[in-house]
Amino acid sequence: MNALVRELQKLVGQDAVLHRPEDLLLYEYDASVEKGRPEAVVFPTSTEQVSHILQLAAQNNIAIVGRGAGTGLSGGALPRAGGLMIAFARMNRILEIDLENQRATVQAGLVNADLTRAVEADGFYFAPDPSSQKSSTIGGNVSENAGGPHTLAYGVTTNHVTALRLVLPDGEVIHVGTKQGDASPFDLAALFVGSEGTLALVTEVTVKLSRKPEAIQTLLAIFDTIDDASETVAEITARGITPAACEMMDGWTLRAVEEYIHAGFPTDSAAVLLLEVEGLNETVEGQTAAIDEICRIHHAREVRVAQDAKQRELLWKGRKNSFGALGRIAPGNYVLDGVIPRSKLPQTLRHIQQLGEKYGCFIGNIFHAGDGNLHPIVLFDPRDTAQFKRAIEVSAEIIRYCVEIGGSLTGEHGIGMEKSELMPLLFSDADFALMRRVHDALNPTCSLNPGKIFPLGKGCGETRIRLHAANPVAAA
Amino acid sequence: MTLLSPAHATALESVMDPSCVISEPQALAKYAIHGIAPGSAAKPRSALEAAEIVRFAAAEKLAVIPCGNRSKLDLGATPLRYDIALDLSGLCEIAHYDAADLTLSVDAGVPLAQLNATLFQHNQFLPLLTPYYSSSTIGGAIASGLDSPLRQFYGTARDFLLGAEFIDGTGAQVKSGGRVVKNVTGYDLHKLLIGSLGSLGVITRLNFRTFPAPIAGTCGFIASFPTHEAALALRRRIVESPLSPLTLDVISPSTARIFATRTPLAAEVPVFSGENHSERQISLPLPGDWFHPQHWQLCAAFAGNPEVLDRYTRDLTRFAHDAKASSANFLDDSMRPSIWGRLREAIALFREASAAASIFRLSFLPGFQAHAITVLEGVANAAGLILILVARASGTMYVGLLPETSVEFGNGNRVDEGTLEKLSMLTQEIFALVRSRNGDAAMLFVPQALRAMPSVQAVQPKNSSLAPRIKSAFDPGNIFAPGRLV
């Protein structure tokens, strides 16, 4: 037992610090293909404890990584090299609900779906709905600027966050933003959302609560070719119709999902679109008719409309558990998160298919079509190193293509350590230099989440050195 | 106030085409901020030229303030130094517009109205209908941080600005974000540029998501009430209903009187589809006799197909009846602009009503507005100042204070000692109110004599420890708009 662990235990209690190797195993994973084991994990229950922990870590020159539920898909909540992990699982209280003003203030470790659960009886919900929402935390959503199917109409996490309580690496506790949302001189809350835990640790979040719509209509449009489905999405967008959600699943993925969930998806189709329209009864009626017409123009074999809440839930269950369903087919999968201009959807899906053939990889597609946010899923067997290598190669090629046609590396999963080496595809040395100055203004010693976002060598000037120079916990 | 020497001016001319450098005092006066003219002005023709000027300024430690069409240059505090005005109106290309993707990349100097005219051709628009609309550039609209009544439905620039290219304080051309609607690559630095008044960087290009323009038949609804409580109660009823209007504001009788009697000096340009989009700019018509300026007004706009419009009409009629509105009217395309044009231009109208107008933005949760208005009206009445206000349902409230001498709206241009004292007292009250609710207050346009008073300086919230750190990360030499914000 080393000195730092003892001090941490004094601070937060014996049962709130993990340090034995067997206890740490679980924390070397998130939902990505990356791995990285911390030397200790601590579970604070308050902002004050987080502040004390960061002061202790700073005194001992120890690297810190924050973690919500570990559902991230980019290795953002894993350490690059040891250090201390601060897990927010026990900071899961709702601090305030203000329905009149449609705001809630919660601790960072609150599970996303638990917030909606707390307010849905009153007709409200928290709009960002990542597929992981039953386990991912709001602090994690803030750090990665999480999205979800319904962000098409309602925006991603940053559009719903108005204020943050944060702890800087030296332990200083600060507030940014206001409950209402306007802030001067700068909109600092907007800077911290999506900063992947590299600038400060988020401990409390004030979010907007949304009002449930009067009417919801869920449609399932079934197509015999992927091209027809993607042309449909492009035309819905071009006509200026904004459904609440517009998700696509290819036929291959459908069959896997159907075997698992039995949602009633047609297993002989090439692609389906899961579309949702929300609003006034009158709006929903008009938009449903317009979408139905567009689907048929593009040769939809059938357009089904969910008849009740139960049918609707089943369709969504199929969508939200689709990644799990694929897990039944191959032992490993690699989920990409590229974004493309929506007008380029048909050509991009054709290209991905060709790349899959070229590399001999199976690539499924389940994604937020309306946002142009692709999630190609490359399946592989991790025990087969040649296969794994091909999977990584084809993934990088897909992402490069997304960037080439005017898109981006990641829409909602973050850069983390998974995509940091791809960042130069988008950003120049001058861009990195400014990002680094902003980083260093808040996290000058690079003790918070080192080795993330920036390509190694371009982040903290000393990232490589610090990773190894920072004292291991055991030596403290 | 400028350290620019004749040698600097000559050197500046060597950095770029001398015809793009302005040094005649008369021409420079156009760039004055709070009456202070820069030592020189430069009008680059490209982002590259703009970066060269910034590198020159950084090397010479000269203060640079970027601008567009200068309609809102007086926003914010007096700059500590002002050597070079960097006029970006020459950067005026729409660089990329993918209508089918609803995304756009546009140079900072493109006029906002011209941009929307292009988008309207594709039945799209940018819901950034900010004050001084007909004379604003897109870069200026973003740097000013002012919102628009459409915020109720579309949100603020934070919600639809996807990325930016700008020049940092070292003169490097940098970018953040991208041109796609979802993106988590690197820090969202572009969002810090919103409202930064040129203090973080020189915006050269902005990427946005565009929106389908409200379909023809955008309708206005206006209901009047003897008290602000009643108007706010109707507003709350609408917020709690399934309706989602495009705009939802409450204005005071003093504001209504300005609307009924004054027309913005700038020409009006059509901003909604369905309005007359002819080339000719027009003067806003005055509201008709359906407008009752002695009352508080609730103003809402909504759009949709005929069934949706019917639904709004039915529900709003019922709500207004239940709320015992003194009057309630629905306005069509020919009548609506008279109010909505003025709502958009409220700040401009307040400033044109009196040179002594002091205009603040108060932001706290909307549920606190009723109490806040009662308090502010009480203090303003006691001090003999006219309080004008626009209270958005989002919780943002624009408050103007006019000296009583301008009761006829037009002759109150003098700020005497007594008025200053009263304005100072009200300013302190405003900041105390906002502080009591952990909200945010910003002095937008106030007489410099007021801003300089020690009592006013003392009430302004100290910049958080972060703001100066962020400023120096963007601008290590503090050459951008020093003192205006940070």
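## Exercises on core, helix packing and interface

Beyond its neighbours within four places in sequence, F192(A) is in contact (C-beta atoms, placed from the backbone, within 7 Å) with L164(A), L166(A), V176(A), L199(A), A200(A) and V202(A). The model is predicted: local features need pLDDT of at least 70 and side-chain atom pairs pLDDT 80 or more, whereas totals for chains, interfaces and linings use all residues. Residues are numbered from 1 along each chain as its sequence is written, with chains lettered from A and ligands numbered from 1 in the order in which they are written.

**Exercise 1.** Identify the residues that touch the most other members of the largest nonpolar core.

*Solution.* A nonpolar core is a set of buried Ala, Val, Leu, Ile, Met, Phe, Trp, Tyr and Cys residues joined through C-beta atoms within 7 Å. A residue is buried if 20 or more other C-beta atoms lie within 10 Å of its own. The largest such core has 297 residues, and F192(A), V272(A) and L86(B) touch the most other members. Its largest share, eight residues, comes from helix α3 (residues 47-60) of chain B; helices here are DSSP runs (H or I, at least four residues), strands likewise (E, at least two), numbered from the N terminus.

**Exercise 2.** Describe how α1(B) packs against α3(B).

*Solution.* First, take the axes, which are lines fitted to C-alpha atoms over the stretch in contact, with angles from 0 to 180 degrees between N-to-C directions. The axes of α1 (residues 6-15) and α3 of chain B come within 10 Å and cross at roughly 150°. The two helices are therefore roughly antiparallel (over 145 degrees). Finally, H8(B), A11(B), L12(B) and V15(B) of α1(B) make the contact with E52(B), I53(B), F56(B) and E60(B) of α3(B).

**Exercise 3.** Determine the packing of α9(B) on α14(B).

*Solution.* Helices α9 (residues 228-240) and α14 (residues 369-383) of chain B pack at about 160°, with axes 10 Å apart. That makes α9(B) roughly antiparallel to α14(B). In α9(B), H228(B), E229(B) and L232(B) meet Q369(B), A370(B) and I373(B) of α14(B).

**Exercise 4.** State which element gives the largest share of the side of chain A that touches chain B.

*Solution.* In total, 66 residues of chain A are in contact with 60 residues of chain B. Helix α15 (429-442) of chain A supplies the largest share of chain A's side, nine residues.

Key: Buried ≥ 20, exposed ≤ 12 C-beta atoms within 10 Å, placed from the backbone. Contact = placed C-beta atoms within 7 Å. Parallel < 35°, antiparallel > 145°, perpendicular 65-115°, else oblique.
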